[in-house]
Amino acid sequence: MTAEPLLQVRGLATWFETPRGIAKVLDGLDLDVGRGEIVGLVGESGSGKSVTAYSVVRLVRPPGSVVAGRVLFEGRDLLSLPEGQMRHVRGKEISMIFQDPRGYLDPVARVGNVLNEIYRTHEQASRKEAKARALELLRAVGLPAPERVYRAYPHELSGGMAQRAMIALALACSPKLLIADEPTTALDVTIQIQIVRLLAELRTQLDLSILLITHNLSVVAEVCDRVAVMYAGEVVENGAAREIFESPRHPYTVGLLRARPRIGTVEEKLADIPGRVPDLLELPAGCRFHPRCFLADDRCRHEAPGLRPLMPDHVSRCHYAERVQEDAA
Amino acid sequence: MSDAILQVDDLVKEYRVRVGGRRAVLHAVDGVSFEIARGETVALVGESGSGKSTTALCILRLEEPTRGRVRFDGEEVTGRSAASLRPLRRRVQIVFQDPTESLNPRRSVGDTLREPIEWHHLAEGAAARARVGELLELVGLQPGHARRYPHQLSGGQRQRVCIARALATNPSLVLLDEPTSALDVSVQAQILNLLNELQREIDLTYLFITHDLGVVRHLADRVLVMYAGQIVEAAPTATLFERPLHPYTRALLDSVPVDSPSERRLRAVPKGEPYSPLDPAPGCRFAGRCPWAAEECEAPVELAPAADGHLVRCTGWFSRRVPEPRREAIAS
């Protein structure tokens with residue numbers, strides 16, 4: 001994947017006005033999604049991962065706004081496109097799925113009708129052609145009875161089926177990039193793995209790129225090629241998934257990986273991360289993670305670290321990235 | 001088990017519902033029996049709609065069971081008047097999933113914690129205030145938190161308050177209904193560690209309801225797996241993870257995402273959707289998703305011992321159609 005990435009986010013800043021001041025939810029974010037890649041964007045609540053997604057598709061609503069940066073999609077800066085063209089990008093080139101599919105599906109429209117409408121308006125398909133393509137797509141996302149789902153209203157679908165229907169709608173116009181915001185979080189364990197697998201299959205079949213936003217590191221371990229870890233509005237580490245899991249180079253990533261209760265190992269005590277996520281209006285000076293960090297020293301309290309390359313494809317926002325491994329042991 | 005603190009016998013909870021205009025009976029909990037020994041942590045595992053939370057609510061009689069018996073410390077819980085339950089309620093408490101919804105936003109932490117103490121006449125005035133300070137310390141908060149309101153606390157701190165409230169009456173048994181599911185990973189670990197420490201310090205028994213098998217492995221002594229209102233397998237934790245017998249338990253374990261990308265492997269991903277126990281057929285409820293299902297699975301099937309302390313509800317296991325689980329599937 002040496003070609004130019006499909007999506008390049010550079011210096012993205014999205015701020016929210018609050019009664020207490022301006023919350024810099026994102027402040028200079030860089031992120032790439034390569035063609036055919038599944039990139040995991042991982043972080044805890046309030047880290048800014050969903051705001052990143054909304055900023056990319058320009059759906060941030062007041063009191064929030066994108067104040068700086070570039071979002072290059074196939075070389076074009078989406079942030080400077082007129083709204084009319086942006087609308088064309090959304091859905092046709094970039095589409096999104098969410099945590100709660102039933103909250104985003106029209107409750108009074110049959111799934112098939114929505115799909116039909118997409119094909120008839122965007123692709124000028126005939127009625128018959130639209131229906132055939134709709135059924136084909138419902139089958140492609142693994143719905144066992146496509147004819148039944150075609151005629152169904154969202155409330156008649158289970159959570160897993162609704163998420164598959166949502167994926168079908170998102171893929172109707174063959175987008176190049178799918179942004180999936182916590183797509184499996186509301187689902188049961190056995191259904192979660194089905195959806196994760198489906199995303200991996202669709203990537204191969206449809207040559208799709210996926211930005212998978214999740215708080216669940218194990219979901220990332222299951223399908224992602226690359227991982228970007230976010231903390232308090234910043235990417236703190238970014239690299240190949242294998243690298244990140246096997247030799248994490250940021251203390252926060254180390255902490256997240258160890259805090260997971262895993263089924264393969266039994267520890268007497270889980271390694272938790274002390275303290276809590278900082279308030280974006282009262283960010284600590286220096287490194288944003290230093291109050292919770294096992295490596296923090298004077299330098300970390302005063303000097304904010306930048307993202308540093310450690311290897312060709314691995315960056316970390318830590319003054320002591322080289323030491324993280326030994327000191328964590 | 002004579003030292004059983006909780007005995008649940010053939011518990012049934014049915015709801016009469018209408019589905020598309022048709023009357024039906026939802027068998028939310030359908031003949032659940034188990035015991036918990038003093039000091040034990042038992043995990044009740046299942047997916048949404050499996051009946052695990054309803055079981056907890058029936059134990060507390062926050063839902064009225066349709067049939068069955070619940071005994072706490074040898075005393076009947078079912079079939080008693082609400083007023084006569086009060087002394088029992090002091091000794092059985094519950095912590096819910098969402099600490100934000102289960103705290104009164106207009107009440108300070110101190111007031112929230114003082115209420116159960118005063119309601120059960122455990123202490124008053126200065127003694128009650130001292131007890132609040134003690135409880136806060138016990139769950140890792142500071143005495144100063146008593147003056148705060150829920151919105152001034154983080155999610156993890158709110159859950160600590162809920163735990164402190166549950167402990168205010170010195171209970172022996174605490175039901176934990178997905179207590180960490182709404183929390184971030186780093187905070188979840190803090191709360192799980194806290195629950196572990198509390199159990200060691202103050203002699204608690206836990207019934208831990210969760211869908212997260214990682215949490216189960218970490219915390220539970222014994223596991224009950226529920227599917228569509230019934231317990232389908234019961235075993236000590238290590239046994240369940242090393243030798244899962246019921247096809248549903250195997251499917252659950254196979255569904256857990258890998259710990260690291262280097263462990264990616266081809267696994268049989270369970271097919272289909274969870275069974276909804278609406279007017280259920282008499283046979284095995286998992287048969288529709290089970291790779292080993294056969295005609296014999298249509299006959300009623302009971303939970304039966306497969307090994308010492310290991311129960312399973314599976315006709316195919318006993319007729320040797322369901323094979324021994326592959327060890328490598330679970331090895332770390």
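In the predicted model described here, B:Asp203 is placed in the loop that runs between α6 (185–202) and β8 (205–210) of chain B. This aspartate is exposed, its relative accessible area being 52%. Between B:Asp203 and B:Arg147, which are 56 residues apart along the chain, the C-alpha atoms are separated by 29 Å.

Helix α1 of chain A, which covers residues 49–56, is mostly covered, with 6 of its 8 residues buried. The buried positions of α1(A) are A:Lys49, A:Val51, A:Thr52, A:Ala53, A:Ser55 and A:Val56. Just after this helix, A:Arg58 adopts a positive phi of about 60°.

A positive phi also occurs in chain B, where B:Gly309, in the turn of a hairpin formed by β11(B) and β12(B), has a value of about 70°.

Helix α4(A) provides the largest share of the lining, with 6 residues. By residue class, the lining of the second largest pocket divides into 18 nonpolar, 4 polar and 7 charged residues.

Over all chains, the count of salt bridges comes to 39. One of these joins the side chains of A:Glu322 and A:Arg308, with an N to O distance of 3.1 Å. This pair links distant parts of the chain, since A:Glu322 lies in the loop between β12 (314–316) and α13 (324–328) of chain A, whereas A:Arg308 lies in strand β11 (residues 308–311) of chain A, 14 residues apart. Both partners are partly exposed, A:Glu322 having a relative accessible area of 43% and A:Arg308 one of 29%.

In chain B, a salt bridge is formed by B:Arg69 and B:Glu76, whose closest N and O atoms are 2.4 Å apart. B:Arg69 is partly exposed at 37% relative accessibility, and B:Glu76 is likewise partly exposed, with a relative accessible area of 26%. A further salt bridge brings together the side chains of B:Arg131 and B:Glu134 at 2.9 Å, N to O. The residues of this pair both lie in helix α4 (residues 125–138) of chain B, where they are 3 residues apart, or about one turn of the helix. The arginine, B:Arg131, counts as buried at 16% relative accessibility, whereas B:Glu134 counts as partly exposed at 48%. Beyond such individual pairs, A:Arg35, A:Glu74, A:Arg76, A:Glu93 and A:Lys176 are joined into one network by salt bridges that share partners.

With regard to cysteines, the structure holds 0 disulfides over all chains. For B:Cys297, the closest cysteine sulfur is that of B:Cys284, at 6.0 Å, which is too far for a bond, because a disulfide requires two cysteine sulfur atoms within 2.5 Å. B:Cys297 is itself buried, at 11% relative accessibility. In chain A, A:Cys173 is also buried, with a relative accessible area of 8%.

Terms used:
Residues numbered from 1 in each chain as written. Chains lettered and ligands numbered in written order. Predicted model: local features only at pLDDT ≥ 70, side-chain atom pairs only at ≥ 80, totals over all residues. Heavy atoms only, no water. Buried < 20%, exposed > 50% of the residue type's maximum accessible area, 1.4 Å probe, protein only. Helix = DSSP H or I, 4+ residues; strand = E, 2+ residues; numbered from the N terminus. Nonpolar A, V, L, I, M, F, W, Y, C, P; charged D, E, K, R; others polar. Salt bridge = Lys/Arg side-chain N within 4 Å of Asp/Glu carboxyl O. Pairing = 2+ DSSP bridges.
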